[in-house]
Amino acid sequence: MFPTQRPRRLRSTPALRRLVAETELRPRNLVLPMFVKENATEPVPIASMPGVVQHTRDSLRKSASEAVAAGVGGLMLFGVPEHKDATGSGAIDPNGVLNVALADVYAEVGDATVIMSDCCLDEFTDHGHCGVLDADGAVDNDATLTLYAEMAVAQATAGAHLIGPSGMMDGQVGVIREALDTAGLLGAGVLAYTVKYASAFYGPFRDALDSAPRSGDKKTYQMDPANAREALRELVLDESEGADWVMVKPGLIYADIIRLVRDHTALPVAAYHVSGEYAMLRAAAERGWLDYDRCLLESLLSLKRAGADVIFTYGALDAARLLRESARG
């Protein structure tokens with residue numbers, strides 16, 4: 001009579017598998033990161049991220065509408081400026097590429113989706129670091145906070161529903177929250193990049209923004225991949241400073257950290273399926289080594305299962321299409 005316990009009974013038909021599925025992934029759980037290039041006349045493909053482009057203002061608006069129609073839950077905008085300087089002044093300029101893009105997208109889709117903005121200086125600085133540098137060439141934490149506060153107000157004024165400080169400066173959430181409140185922008189939320197590791201998986205993203213550091217690296221402010229308990233320290237600080245959401249980045253290779261954060265907060269938890277994780281799937285699929293569609297959905301489902309409420313992924317539109325097709329089938 002052995003075995004008396006047969007778990008395969010609940011796997012025997014698609015209907016049974018659907019009925020007992022523990023984790024569900026839907027388009028509304030996904031956020032599409034989007035790049036917009038200043039003064040671009042046509043979309044510019046990003047070689048290391050197949051299927052992803054630097055948008056023009058027009059193509060950005062069109063793609064934003066397509067994402068809303070596909071049911072994607074949100075959009076995260078990044079700017080690619082023509083000119084950069086030591087202080088990233090284009091990040092604060094109301095006519096800077098990112099602030100104009102936020103206004104464009106808000107005019108196009110309004111409150112039909114959640115519009116998010118990257119509140120970081122690396123895409124605007126000529127040295128590629130996430131903050132301004134001191135006389136010794138190190139990132140000056142507190143001087144950077146002053147600029148983040150101005151950036152946040154500019155972005156929320158332009159139309160961002162959520163401000164995403166990704167620079168891992170100490171105190172960034174509290175300074176931004178205070179600046180938004182002082183400006184009367186109480187409805188703008190703060191999506192804290194609470195746990196952002198100094199990862200090698202950001203390479204294609206830095207190609208997209210031309211934001212790789214010209215000297216040194218980001219290990220003095222992004223977290224050491226060796227550390228897990230430190231994530232909880234960052235979580236406590238961001239919660240105390242007024243974060244509305246928290247994020248873990250990267251996603252797939254830090255699923256243990258996603259679970260750790262999920263178990264220690266009541267706030268929504270986001271995970272970022274980063275450029276390198278996305279590019280690996282694309283590259284392997286191009287060589288016929290993997291099925292991109294199946295691997296993409298499995299990857300995103302694993303992040304949801306680990307505890308992420310929301311997943312940032314460059315494959316958001318692909319995943320939304322696949323999920324709709326699956327639901328119809």
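## Salt bridges

In this predicted model, the side chains of R214 and D210 meet in a salt bridge, with an N to O distance of 3.5 Å. Both partners fall in the middle class of accessibility, since R214 is partly exposed with a relative accessible area of 44%, and D210 is likewise counted as partly exposed at 46% relative accessibility. This contact belongs to a set of salt bridges that numbers 13 in the structure. Side chains of opposite charge can pair when their charged atoms come close.

A further salt bridge is formed by the side chains of E325 and R321, where the N to O distance is 3.7 Å. These two residues both belong to helix α11 and are separated by four residues, which is about one turn of the helix. E325 is partly exposed, its relative accessible area being 37%, and R321 is also counted as partly exposed, at 29% relative accessibility.

Salt bridges that share partners connect R57, D58, R61 and D104 into one network. Within this group, the side chains of R61 and D104 meet at 3.3 Å, taken from N to O. Because R61 lies in helix α2 (residues 57-69) and D104 in helix α3 (residues 97-109), the pair ties together parts of the chain that are 43 residues apart in sequence. D104 has a relative accessibility of 10%, which is under the 20% limit, and therefore counts as buried.

Strand β8 (residues 245-249) is largely enclosed by the rest of the structure, because five of its five residues are buried. The side from which W245, M247 and K249 point is opposite to that of V246 and V248, and all of these residues are buried.

Strand β7 (residues 189-196) runs parallel to β8 and is joined to it by four bridges, with K196 having K249 of β8 as its bridge partner. Strand β9 (residues 269-273) also runs parallel to β8, here through three bridges, and V248 stands opposite A271 of β9. Together with helix α8 (residues 255-262), the strands β8 and β9 make a right-handed β-α-β unit.

## The largest pocket

The largest pocket holds about 820 Å³ of space. Its lining consists of 20 residues, and those closest to its centre are R18, A21, T23, E24 and S326. At least two lining residues come from each of the helices α1 (14-20), α10 (292-306) and α11 (316-328). When the lining is sorted by class, ten residues are nonpolar, three are polar and seven are charged.

## The second largest pocket

The second largest pocket holds about 240 Å³ of space. It is lined by 15 residues, of which L32, G51, V52, Y314 and L317 lie nearest its centre. The elements that give two or more residues to this lining are β1 (30-37), β3 (53-55), α9 (275-286) and α11, and β1 gives the most, with four residues. By class, the lining of this second largest pocket comprises nine nonpolar, four polar and two charged residues.

Methods: Residues numbered from 1 in each chain as written. Predicted model: local features only at pLDDT ≥ 70, side-chain atom pairs only at ≥ 80, totals over all residues. Heavy atoms only, no water. 1 Å grid on protein atoms, 1.4 Å probe; cavity = no way out; pocket = protein on both sides within 12 Å on 5 of 7 lines; lining within 4 Å. Points joined across faces, edges and corners; volume = space filled by probe spheres on them. Nonpolar A, V, L, I, M, F, W, Y, C, P; charged D, E, K, R; others polar. Buried < 20%, exposed > 50% of the residue type's maximum accessible area, 1.4 Å probe, protein only. Pairing = 2+ DSSP bridges. Right-handed = clockwise from strand over helix to strand, strands pointing away. Salt bridge = Lys/Arg side-chain N within 4 Å of Asp/Glu carboxyl O.
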